[in-house]
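This report covers a sheet, the strands that build it and the helices packed on it. The structure follows.

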Amino acid sequence: MPARVTPRRKWRPGLGGVILAMLALVLVLPFAGLNLFRFYANQLVQQTEESLLMQAAVLTSTYEELYRTAADLPPDPLPSDGRRPFRPLFPAVTVNPQTILGPRPDGLPATEPVALPYQRIAPYLSEIALGAQEQTLAGYRFLDRFGTVIAGSAETGVYLGHVQEVALALNGDTVSVPRVRTRPTAEPLIYRFSQGTRVRIFVAMPVTIRDDIIGVVYLNRTPNHIFRFLYTERLNLFGAAMFVLLSTGLIGYLFWRFVSRPIRSLAARTETFGASEARWEPLDHYGTREIEVLAQSFGTMANRLQDQQTTLKTYTAHVSHEMKSPLTAIKGAVELLQDSDMPPERQVKFLENIARDTERMEQLLARMREYSAVGQLASDGTSDLAGALETMAGRFPRLDLSMSGPTRDVPLSPEALEIVFRHLIENAESHGATEVRVAATDDGFSLSDNGSGISAGNRDRIFEPFFTSRRTDGGTGMGLSIVRSVLSQSGGRISLVDAGQGTTFDIQFTT
């Protein structure tokens, strides 16, 4: 015989692991947001470039007019249509490791003397540069036609013609480049999330008069970035981070306390319940209302299954015992009937005994099938009391069946209500009743008869399986036990009421 192969169990994460993963994701989201600022850095860099280009355009016009005055040059004639051509400039700098140039080379000593017109306008340009720097924090340098700084906020008298962007501007091109920014001190850690904090934007724009390049306006500035604000607010950010951390921890605790822990307890209780015959005990902590309802449903189902299992065991033992006596009697009667010398009248008596014992076994087997079918009955649905009682009247023609109270439906399927009525009315008829009255109530109904009633000594045992006071008359003692099981499955309960004469059963529903 080949060995049995155990199917591989598919891995599934635990609820606690899922909750931890979700909380970790919540904690990581703020840091992921910091990386998103890198995409915003390009926009801030281009805004800085655009600002420098606009300033450079104004300063080149100022440079040009001052030079004209100092060199005693006439203004350029206007075109025939009275309008000069537009040459708009748009920002195009992108911040990535491939486009960023190295630190700007240091200036060199000037080799060409500064011409007289430049000497005349230099003080005015320096005053403009220093005044603008106080507001914009940008660096301003005004260069002559050879690349020597004649005025500005720094490096006056220094040669910068060897710098790439300045050289291109002296050839007539307007150039914007990002360069690595050199800092005298180490940058804060948070600045490393933004490329824009480590560059400086340089703009070189030529100054022309009648297509002749007379100089260059050279500007530079560090781009704005969100991390400068974040760094200045680092204490508040630390407080916010602690709040997020504590809030996440609180959320995790609430998940564990109100979801994970009750579910684990419920799973452990379910696993250990089948190993013993103890009744289902409520959990110590339910967490949420939904878990409480789920646990109560588990408890109701588990207790019901245990009751059915216990009853089935008891029923099997009783049936085995009950069938043993008629089987023994039948076997003995058959052996005696095999004796050919037995008188005919005695043979008839033994055959009657066999028929009676066979009928009892058939009743026991019928009750067993009926009890087994109780668990398969529909637990929902409704039935009309009056209609069901009218059906019973055709089955028990010798009884006077009547109903009182409001016409209403009860939460029992037609099959279940038929079983309840049939057993209760059969019991009433077997105890000599001639009348059976059904009274509808708000919570259910009651059923009364005028029979001999139930003795005081038997009142506490009538719902026990196989307890009967009519064993010699063929009673099995299973009728009321079946009725109680049917009602319990639909959320109902049955009780014996002390009504004096006859027997009265009260049936109530909680659903």
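How many bridges join strand 9 to strand 11, and do the two run parallel or antiparallel? Five bridges join strand 9 (residues 400–404) to strand 11, and the two strands run parallel. The model is predicted: local features need pLDDT of at least 70, side-chain atom pairs count only at pLDDT 80 or more, and totals for chains, interfaces and linings use all residues. Residues are numbered from 1 along each chain as its sequence is written, and side-chain values use heavy atoms, without hydrogens and water.

Strands (E, at least two residues) and helices (H or I, at least four) are DSSP runs numbered from the N terminus; two strands pair if DSSP finds at least two bridges between them. The open sheet has five strands in the order 9-11-12-14-13, with mixed pairing. Strand 9 and strand 13 are the edge strands, each pairing on one side only.

| Strands | Bridges | Direction |
|---|---|---|
| strand 9 and strand 11 | five bridges | parallel |
| strand 11 and strand 12 | five bridges | antiparallel |
| strand 13 and strand 14 | six bridges | antiparallel |

Met403 stands opposite Val438 in strand 11. A hairpin of three residues leads from strand 11 to strand 12, where Phe445 is the bridge partner of Ala440. Along strand 11, Val436, Val438 and Ala440 point to one face and are buried (under 20% relative accessible area, 1.4 Å probe, protein chains only).

Helix 8 (residues 385–395) lies across strand 9, strand 11 and strand 12. Helix 10 (residues 479–489) lies across strand 13 and strand 14.

Notes: Buried < 20%, exposed > 50% of the residue type's maximum accessible area, 1.4 Å probe, protein only. Contact = heavy atoms within 4.5 Å. Axes fitted to C-alpha atoms, helices over the stretch in contact; angles between N-to-C directions.
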